[in-house]
There are 2 protein chains.
Amino acid sequence: MERSFQIQLDDIRRLLLSMGGLVERALELVTTGLIEQDLQKFAAVFSIEEQINRSHLQLDEACTNYLAVQGPVAGDLRMVVSAIKINVDLERMGDQCINMAHTGRDFVRRTTHLSVDEIRVMSRVAREMVKEALDSFVRRDMGLAQKILVTDDELDVRKQNIFESMVGQIKLNAADVEAGLDLILIARNLERIGDHATNIAEDVIYFSTGKDIRHGKYA
Amino acid sequence: MERSFQIQLDDIRRLLLSMGGLVERALELVTTGLIEQDLQKFAAVFSIEEQINRSHLQLDEACTNYLAVQGPVAGDLRMVVSAIKINVDLERMGDQCINMAHTGRDFVRRTTHLSVDEIRVMSRVAREMVKEALDSFVRRDMGLAQKILVTDDELDVRKQNIFESMVGQIKLNAADVEAGLDLILIARNLERIGDHATNIAEDVIYFSTGKDIRHGKYA
């Protein structure tokens, strides 16, 4: 990081946004891979995740340098501390995409009639949550951050529905167990991505207002 | 946080250690609950997680205050940035314990012959990893941090074995699908706890040496 002394808050914001864009792209590829049964799509996810990891290290360094050089206080300090945590969430989303790519590859290779329609919907919702979480961060948009908390509850319900539907399918036909488990695990990965987006939304509310809504503190 | 201006690095270390102890205790309760089929044990996990959450907020504030007041650089700065991230990992471990308590409660209420022996072993390994991760942090013990990375690979293999064994059981008897899924999900939660301990170990190596071993950078 040659430019360490010129690192500004704008650079930090820009890096976070670009990581978010990579996560969205990885999510899209996993879903298309499942729908089109196209193994190439999963392969592409692995190279995107490498980019996410590189950005992760770069951003960590940018934040540490900014703290060392600028010694920020108040709002700027809270913003950088939030950025350090959002960075962790984005990197973990990348890990979840990798898990999905592995499981998706297994699923496509099996012979199964199980539908991925509900997974497609969950993936779209999760993608929107990631986008909105980063938008709420950049614009300090509290309304948008609040909306994400509501959408996350919907995503949890969708995961639960997929879970129950797959258990039913497996009971009807034990041969579906591996494919059914694949979809259960992918649904859980998507739920986790929603959780990470929710963490970001909570961080946005924290650094925008100094108010901590995590762990039910927003009373 | 009345003592915000006196917050020192020792307070930060102490808070992290005490959170680690709470996670260990929660893990132990989940496992005993499964072995002894004792629903009370799961209930106790929920109150421990509330303590973890309170410590999480307190630690976040301690780190932010320390940065604002002391404006640390070099090693101390890296240490605090690591503490902010370790705090996230410990809080997520608490979440995983809650997931296990929910699933464990479901499992105990079912009529099943499925054994929890392998889960017990995984839980012991994960608990040791949490303990060692925090020890390596406090003592800046690089050898211990490296050991955790190796143990994590073992934990992943154990999870995979449970996964395959449960798929086999479900194929033999579709009535085992719910209980088998419960154990698969608990094994995955334990694997995630191992991942969080590994993140901590990587952070320890980072802040002790300034060397970033994440994403294969340790070449």
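**The contact between the chains**

Begin by selecting chain A and chain B: 38 residues from chain A and 38 residues from chain B take part in the contact, where contact means heavy atoms within 4.5 Å. This is a predicted model, in which local features need pLDDT of at least 70 and side-chain atom pairs count only at pLDDT 80 or more, while totals for chains, interfaces and linings use all residues. Residues are numbered from 1 along each chain as its sequence is written, chains are lettered from A and ligands numbered from 1 in the order in which they are written, and side-chain values use heavy atoms, with hydrogens and water left out.

Between them, chain A and chain B bury about 3,700 Å², 64% of it on carbon and sulfur atoms; buried area is the accessible area (1.4 Å probe) that two parts lose on being put together, summed over both.

**Salt bridges across the interface**

Next, display Lys171(A) and Glu178(B), which form a salt bridge with their closest N and O atoms 2.7 Å apart. The term denotes a side-chain nitrogen of Lys or Arg within 4 Å of a carboxyl oxygen of Asp or Glu. Between chain A and chain B there are 6 salt bridges.

Then colour helices H2 (39-70), H3 (74-109), H5 (142-172) and H6 (177-209) of chain A, the elements that each give two or more residues to the side touching chain B; helices here are DSSP runs (H or I, at least four residues) numbered from the N terminus. H6(A) gives the most, with 11 residues.

**The cavity**

Which residues line the largest cavity? Select Leu67, Gly71, Pro72 and Leu77 in both chain A and chain B, together with Ala68(A). A cavity is a set of points on a 1 Å grid over the protein atoms alone where a 1.4 Å probe fits but cannot get out, and lining residues have an atom within 4 Å of a point. About 40 Å³ of space lies in this largest cavity, the volume being the space filled by probe spheres set on the points, which are joined across faces, edges and corners.

**A pair within one helix**

Finally, select Arg14(A) and Asp11(A), whose side chains meet in a salt bridge (3.2 Å, N to O). Arg14(A) and Asp11(A) are separated by about one helical turn, because they lie 3 residues apart in helix H1 (residues 9-36) of chain A.

Key: 1 Å grid on protein atoms, 1.4 Å probe; cavity = no way out; pocket = protein on both sides within 12 Å on 5 of 7 lines; lining within 4 Å.
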